[in-house]
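Subject: Structure handover and notes

Hello,

Here is the structure you were waiting for. Please open it first and keep it beside these notes.

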Amino acid sequence: MTTGSWSHALIRDMKLPANQFMRTEVAVVMRDKYPKAMHHFLVIPWADIDSVYQLSPADIPLLHEMRLLGVNAIETTGKSYDRFRLGFHMKPSMHRLHLHVISQDFVSDRLRYKEHFNSFVTEFFMPFESIVLELQDKGRIERRSQELIEHLLRLPLACNQCAFPCSTLPQLKKHLESHLDS
């Protein structure tokens with residue numbers, strides 16, 4: 001496997017102690033290099049699993065260990081668990097399975113495109129619990145269609161906290177900042 005391309009950066013970067021926010025024998029927690037919210041962590045297993053589509057029911061204990069590491073990362077922020085989402089992208093852009101642990105504020109200068117926002121607030125973001133349930137029920141994660149993926153990323157912008165519709169990303173970002181004090 002070539003690890004020089006940007007899509008393999010997680011595999012390379014997770015091995016560097018300076019990037020490891022937390023580390024166990026099972027996985028590493030890194031702060032996302034391009035956070036889409038005030039708090040954005042990635043939990044990456046040492047096991048060579050490319051994405052959720054390679055998971056099997058035998059991986060459920062690994063997923064629970066990854067979730068526990070995500071919860072530990074949340075605790076370091078001083079914020080409550082209910083202000084975070086834990087899940088996986090339907091079509092990840094990076095190689096190696098990684099669990100996103102992201103605060104729901106979505107206040108970040110790295111949130112630059114509608115698709116960035118929609119990748120975390122639509123069904124494109126598959127919650128941790130739904131992945132475990134699908135593995136238990138079906139024995140695997142069914143690959144989603146390209147048509148569905150494109151549809152979800154193109155949905156109109158709306159605040160994830162109050163459903164306020166926004167026509168532009170700058171308008172949405174300004175609106176999201178109004179929720180910070182609440």
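Below are the notes, taken helix by helix and then residue by residue.

First, the ground rules. This is a predicted model, in which local features need pLDDT of at least 70 and side-chain atom pairs count only at pLDDT 80 or more, while totals for chains, interfaces and linings use all residues. Residues are numbered from 1 along each chain as its sequence is written, and side-chain values use heavy atoms, with hydrogens and water left out. Helices (H or I, at least four residues) and strands (E, at least two) are DSSP runs, numbered from the N terminus.

**α2 against α4**

Two packed helices are described by the angle between their axes and the distance between the axes. Axes here are lines fitted to C-alpha atoms, for helices over the stretch in contact, and angles run from 0 to 180 degrees between N-to-C directions. Helices α2 and α4 (residues 128–138) have axes 11 Å apart, at an angle of about 170°. That makes α2 roughly antiparallel to α4. The cut-offs: under 35 degrees is roughly parallel, over 145 roughly antiparallel, 65 to 115 roughly perpendicular, and the rest oblique.

Contact means heavy atoms within 4.5 Å. From α2, the contact uses I60, L63, H64 and R67. From α4, it uses F128, I131, V132, L135 and Q136. By class, that is six nonpolar, two polar and one charged residues. (Ala, Val, Leu, Ile, Met, Phe, Trp, Tyr, Cys and Pro count as nonpolar, Asp, Glu, Lys and Arg as charged, and the others, Gly among them, as polar.)

Now the buried side of α4. Buried means under 20% relative accessible area, exposed over 50%, and partly exposed in between (1.4 Å probe, protein chains only). F128, I131, V132, E134 and L135 are buried in α4. These residues sit on the same side of α4, because they cover an arc of only 160° around the axis. The arc is that of the directions from the helix axis to the C-beta atoms. Their cover includes α2, β4 (84–89), β5 and β6 (125–127). After α4 comes G139, with a positive phi near 80°.

**α3 against α5**

The axes of α3 and α5 come within 7 Å and cross at roughly 110°. The two helices are therefore roughly perpendicular to each other. K114, E115, N118 and S119 of α3 meet L152, L153 and R154 of α5. This contact has two nonpolar, two polar and three charged residues.

N118 deserves a look. N118 is in α3, and it is buried at a relative accessible area of 2%. Setting aside residues up to four places away in sequence, N118 touches F124, L152, L153, R154, L155, P156 and L157.

**α6**

Which residues of α6 (residues 169–178) are buried? They are L169, L172, H175 and L176. An arc of only 120° around the axis holds them, so they lie on the same side of α6. P170 and K174 are exposed on the other side. The cover over the buried residues includes α3 (114–121). At the start of α6, a side-chain oxygen of T168 comes within 3.1 Å of the backbone nitrogen of Q171.

F106 has phi near 55°, which is positive, and it is not a glycine. F106 lies in the loop between β5 (99–103) and α3. Buried or exposed? F106 is buried, at a relative accessible area of 1%.

A163 is also not a glycine, and its phi is positive, about 70°. A163 sits in the loop between α5 (146–154) and α6. A163 is exposed, at 53% relative accessibility.

W46 is in the loop between β3 (40–45) and α2 (60–75). W46 is partly exposed, with a relative accessible area of 27%. W46 and A27 are 19 residues apart in sequence, yet 5.3 Å apart in space, C-alpha to C-alpha. Beyond its neighbours within four places in sequence, the contacts of W46 include M14, Q20, R23, A27 and R96.

D13 belongs to α1 (residues 9–13). D13 is buried, at 6% relative accessibility. Its side chain makes a polar contact with the side chain of R12, at 3.3 Å. (A polar contact is a pair of N or O atoms within 3.5 Å; within protein, one must be able to donate a hydrogen and the other to accept it, and residues adjacent in sequence count only if both atoms are side-chain atoms.) Not counting residues up to four places away in sequence, D13 touches N19, M30 and K33.

Best wishes
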